[in-house]
Amino acid sequence: MRPSTQELTHAYAVLLLSKFQGFCRSLHDECVDCIVSAVTPAKLRTAISEVFVLNRKLDAGNPNPGNLGSDFNRFGFVFWDSVRRRDARNRARQDHLDDLNRWRNAITHENFDATALGSGNLGLRQVRQWRKACHQLAVAFDEVMRAYLQSALGTSPW
C-alpha cells in the first residue's frame with residue numbers, strides 16, 4: 001500500500017521538528033561545555049554542568065518557543081529577546097515554530113482540531129516554509145549564543 005501525500009507531508013513535518021530539536025539540544029550542550037570548561041577549580045565542572053541540564057525541557061518536551069526560552073535563559077539572559085534583536089523577522093519565524101509544534105502534536109496524537117490548526121490539510125509548501133524558518137532560527141540561535149559566550153568568556157567559542 002502506498003502512503004498518501006498527506007501522510008508523507010505529516011512525516012516530513014514531524015521529522016523536521018525532530019531534527020530542529022536535535023540541533024537545539026546539541027547547541028545547548030556545546031554552550032554548556034564552553035562555560036564549564038572555563039570553570040576553576042575543575043572539581044566544580046560536573047556539578048555546574050548538571051545544573052545547566054537539570055530538567056532541561058529539550059530532553060523531554062518539544063522545541064517550542066517556551067521550552068527553548070526556558071532552557072537557553074539559564075545562561076543568564078533573555079534568549080528570545082536577543083534572537084529577535086538580531087533580526088526583526090525572527091518574530092515571524094518564532095510564530096512559524098509555534099505553528100509547526102501545533103501541527104507536530106496534532107499529527108503525533110491524531111487530534112486535528114481545526115480551531116488550533118486553521119486547516120485540516122497540511123501542504124508541502126507550508127512544511128517548506130517551516131523548514132526555512134527553522135534554518136534561519138538555527139543560524140540566529142548559533143549567532144546569539146556565540147556572541148553571548150564570546151562576551152562572557154572573552155574568546156570566541158567557535
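1. The accessible surface of the chain amounts to about 9100 Å², and 50% of it belongs to carbon and sulfur atoms; such areas come from the Shrake-Rupley method with a 1.4 Å probe, and for residues only the protein chains shown count as cover. Of the 158 residues, 36% count as buried, where buried means under 20% relative accessible area, exposed over 50%, and partly exposed in between (1.4 Å probe, protein chains only).

2. This is a predicted model, in which local features need pLDDT of at least 70 and side-chain atom pairs count only at pLDDT 80 or more, while totals for chains, interfaces and linings use all residues. Residues are numbered from 1 along each chain as its sequence is written, and side-chain values use heavy atoms, with hydrogens and water left out.

3. The secondary structure consists of 7 helices and 0 strands, with helices (H or I, at least four residues) and strands (E, at least two) taken as DSSP runs numbered from the N terminus. The C-alpha atoms fill a box of roughly 60 × 30 × 25 Å along the principal axes. Among contacts (heavy atoms within 4.5 Å) between residues at least 6 apart in sequence, 68% join residues at least 24 apart.

4. A search of the whole structure finds 10 aromatic pairs; rings of Phe, Tyr and Trp (its six-membered ring) pair if their centres lie within 6.5 Å, and planes under 30 degrees apart count as stacked, over 60 as edge-to-face and the rest as tilted. Why is the pair of Phe 72 and Phe 141 tilted? The ring centres of Phe 72 and Phe 141 are 6.5 Å apart and their planes stand at 45°, so the pair is tilted. Because Phe 72 lies in helix H3 (residues 65–72) and Phe 141 in helix H7 (residues 124–153), the pair ties together parts that are 69 residues apart in sequence.

5. Phe 72 counts as buried at 0% relative accessibility, and Phe 141 is likewise buried, with a relative accessible area of 0%. Phe 141 also forms an edge-to-face pair with Phe 79, at 4.9 Å centre to centre and 65° between the planes. This pair links distant parts of the chain, with Phe 79 in helix H4 (residues 79–86) and Phe 141 in helix H7, 62 residues apart; both Phe 79 and Phe 141 are buried.

6. Which residues form one aromatic cluster? The cluster is made up of Phe 20, Phe 52, Phe 72, Phe 75, Phe 79, Trp 80 and Phe 141.
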